Amino acid sequence: MTELFGIPLPALLGQLLLGLVNGSFYAMLSLGLAVIFGMLGIINFAHGALYMMGAFLAWMGLEYLGLNYWVMLLLAPLVVGVLGILIERLLLQWLYKLDHIYGLLLTFGITLVMEGVFRSFYGVSGQQYSVPEALQGATNLGFMVLPNYRAWVVVASITVCLGVWALIEKTSLGATLRAGTENPKLVQAFGINVPRMITLTYAGGVALAAFAGVLAAPILQVSALMGSNLIIVVFAVVVIGGMGSILGSVITGLGLGVIEGLTKVVYPEASSTVVFVVMAIVLLLRPAGLFGKEK
């Protein structure tokens, strides 16, 4: 059997794939966080709970309504996006001129409420969600066996992340969004409804979290605590990439997932802390993050 650094190649590649899958979730979630913070200035701690809700909606759609994975992959982000509109209009819009800590505390409270509701109905034990039939099985690449669903997660995540980055950074709509957050009065003078634009930005950010939740449902057990187990790591990813840096969040999320996967092979005991070690080193060398801009 071929070995690399004394590690069997299939085992090494398997962990790299697992790290890349985790990195895909980190990238999707940190992308939504970066969009919301960069455009609205809100530290959205509820992101993990909305990710959990996306996974639960996929499970509930199949369990109660017979709606398959592909339908819920489109429907769950729309439902969570509508919920995001309600959260922004009823609660968050009053906090934009206040310190960031108020937004963090409010969204943390929303997280506790959402987790409490799902925990009261479904407990803390996970619900099983099967892999869609079209993506079951694996492909033998010769040097490793690649599970089809995990390959789909990586491709779908990277495609969506790059699409959102291109929309915000390379289109006139993205330029309008950025201008609306930096100088709303000037943008409104051109007849653009800035409050509606901000609301839809928040809705789009949380819809990304729900999309990631649906992708995660067949891999992880769907539970009320699945978001809180992930959100701290995702915040570390955003800090490393640079708060508000969209492309930085995507690249950092994928990269840290791979680093975490390699750590599980070389030194498994450190795999749960390696992200935070990297964060500490980055903050010492570049306080604004790898892709952030110094003020």
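Is Val282 buried or exposed, and what is its relative accessible area? Here are my notes; keep in mind that this is a predicted model.

1. **Val282.** This residue is buried, because its relative accessible area is 9% and the cut-off for buried is under 20%. You'll find Val282 in helix 11, which covers residues 274-285. Leaving aside residues up to four places away in sequence, Val282 touches Ile240, Pro287, Gly289 and Leu290. Have a look at Gly241 too: Val282 and Gly241 are 41 residues apart along the chain, yet their C-alpha atoms are separated by 9.1 Å.

2. **Helix 9.** Gly241 is one of the buried residues of helix 9, so let's go there next. Ten of the 14 residues in helix 9 are buried, so the rest of the structure largely encloses this helix. Among those buried residues are Leu230, Ile231, Phe235 and Ile240. You can check the helix length yourself: at 1.5 Å a residue, residues 228-241 should span 20 Å, and the end C-alpha atoms are 21 Å apart, which agrees. Just past the end of helix 9, Gly242 takes a positive phi of about 115°.

3. **The core.** The largest nonpolar core has 87 residues, and the members touching the most others are Leu31, Leu50, Tyr51, Tyr202, Leu215 and Val222. Helix 1 (residues 9-40) gives the most to this core, with 15 residues. Leu230 brings us back to helix 9, where it is one of the buried residues.

4. **One salt bridge.** How many salt bridges are there? The count comes to one. Arg89 pairs with Glu88, and the closest N and O atoms are 2.8 Å apart. What about the burial of the two partners? Glu88 is buried, because its relative accessible area is 0%. Arg89 counts as partly exposed, because its relative accessibility is 31%.

5. **What the record says.** An unreviewed UniProt entry lists several spans as "transmembrane region", including residues 99-118, 200-220, 232-259 and 265-285. Two of these can be compared with the model. Residues 99-118 are 95% helix and 0% strand, with end C-alpha atoms 30 Å apart. Residues 200-220 are 81% helix and 0% strand, and here the end C-alpha atoms lie 29 Å apart.

Technical notes:
Residues numbered from 1 in each chain as written. Predicted model: local features only at pLDDT ≥ 70, side-chain atom pairs only at ≥ 80, totals over all residues. Heavy atoms only, no water. Core = buried A, V, L, I, M, F, W, Y, C linked by side-chain atoms within 4.5 Å. Buried < 20%, exposed > 50% of the residue type's maximum accessible area, 1.4 Å probe, protein only. Helix = DSSP H or I, 4+ residues; strand = E, 2+ residues; numbered from the N terminus. Expected span 1.5 Å × (residues − 1). Contact = heavy atoms within 4.5 Å. Salt bridge = Lys/Arg side-chain N within 4 Å of Asp/Glu carboxyl O. UniProt positions renumbered as here; feature names shortened; annotations may be inferred.
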